[in-house]
Amino acid sequence: MTDPATALSDVRNRIAHAAKIARRSADDVALIAVSKTHPAEAIMPLIAAGQRLFGENRVQEAAAKWPALREAHPDLSLHLVGQLQSNKADEAVALFDCIHSLDRPSLVTALARAMDKAGRHLPCFVQVNIGAEEQKGGCAIADLPALLAQARGADLNVIGLMCVPPLGIEPAPFFALLDKLAADHGLRDRSMGMSDDFETAVMLGATHVRVGSALFGARS
Ligand SMILES: *Cc1c(COP(=O)(O)O)cnc(C)c1O
């Protein structure tokens, strides 16, 4: 594994290259460094190299790792990219700056209540089950209009759509579909693309790429 600063500049260069080909500005693509399973000692070199935006997929793990890092670096942002249970909504609202996994009516209700209570109104992405896979998080495409209407009615700040395409198939058609759905609903942001496919996602309109192993090395 190359050192973290080199890995970071490599990923940033690859994003910039893909953006240039697609005639987009690299400034319109936020790189979320997904640090799940990696300890604070692995995160600190990336912070030292200038990375400020991170992602975690579990509330419990984030609660253990991030308060100390955030105290030392008040300008960090932390996004929740994994599934959220309704009973952890309060904790998630206190810990994170953005939620990428809004995917069902009960979670809209729980998050709206938690945000009102905390007086913290976080931007959210609605996660779409873009490959219509059983057992996968995300709202069915057919249910998206109703979920968005409910979220808007509850005053949630939905800024875009998020997806994790099916494993082992070419992801581009799924990214293109998410881009179209976001456009159809007048949403600005698209959270799509991971270590193996973020350049494809950038070329197809990603505004947020979620990159773990290309920055931190493989997860054990
Ligand atoms: C782990 C994870 C990522 C990052 O995956 P890599 O393949 O390691 O880049 C992105 N998005 C979500 C939702 C994840 O859980």
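Trainee: Which side chain has an N or O atom 2.5 Å from an oxygen atom of the ligand, and what makes that a polar contact?

Mentor: In this predicted model, it is the side chain of S195 that places an N or O atom 2.5 Å from a ligand oxygen. A polar contact needs such atoms within 3.5 Å, so the pair qualifies.

Trainee: Which residues lie with a backbone N or O atom 2.7 Å or 2.8 Å from an oxygen atom of the ligand?

Mentor: For G212 the backbone distance is 2.7 Å, and for S213 it is 2.8 Å. As for cover, the ligand alone exposes 390 Å², and the protein buries 89% of that.

Trainee: Where does the ligand sit, and how many residues of each class are in the shell around it?

Mentor: The ligand sits in the largest pocket. Its shell has 5 nonpolar, 3 polar and 3 charged residues. Among the residues surrounding the ligand are V34, K36, M162 and R219.

Trainee: Why is C139 called buried? And what about C163, buried or exposed?

Mentor: C139 has a relative accessible area of 4%, and buried means under 20%, so the word applies. C163 has 0%, so C163 is buried by that cut-off too.

Terms used
Residues numbered from 1 in each chain as written. Predicted model: local features only at pLDDT ≥ 70, side-chain atom pairs only at ≥ 80, totals over all residues. Heavy atoms only, no water. Buried < 20%, exposed > 50% of the residue type's maximum accessible area, 1.4 Å probe, protein only. Near = heavy atom within 4 Å. Polar contact = N/O pair within 3.5 Å; in protein donor to acceptor, adjacent residues only side chain to side chain. Areas by Shrake-Rupley, 256 points an atom, 1.4 Å probe, with all protein chains shown as cover. 1 Å grid on protein atoms, 1.4 Å probe; cavity = no way out; pocket = protein on both sides within 12 Å on 5 of 7 lines; lining within 4 Å. Sits in = over half its atoms within 2 Å of the grid points. Nonpolar A, V, L, I, M, F, W, Y, C, P; charged D, E, K, R; others polar.
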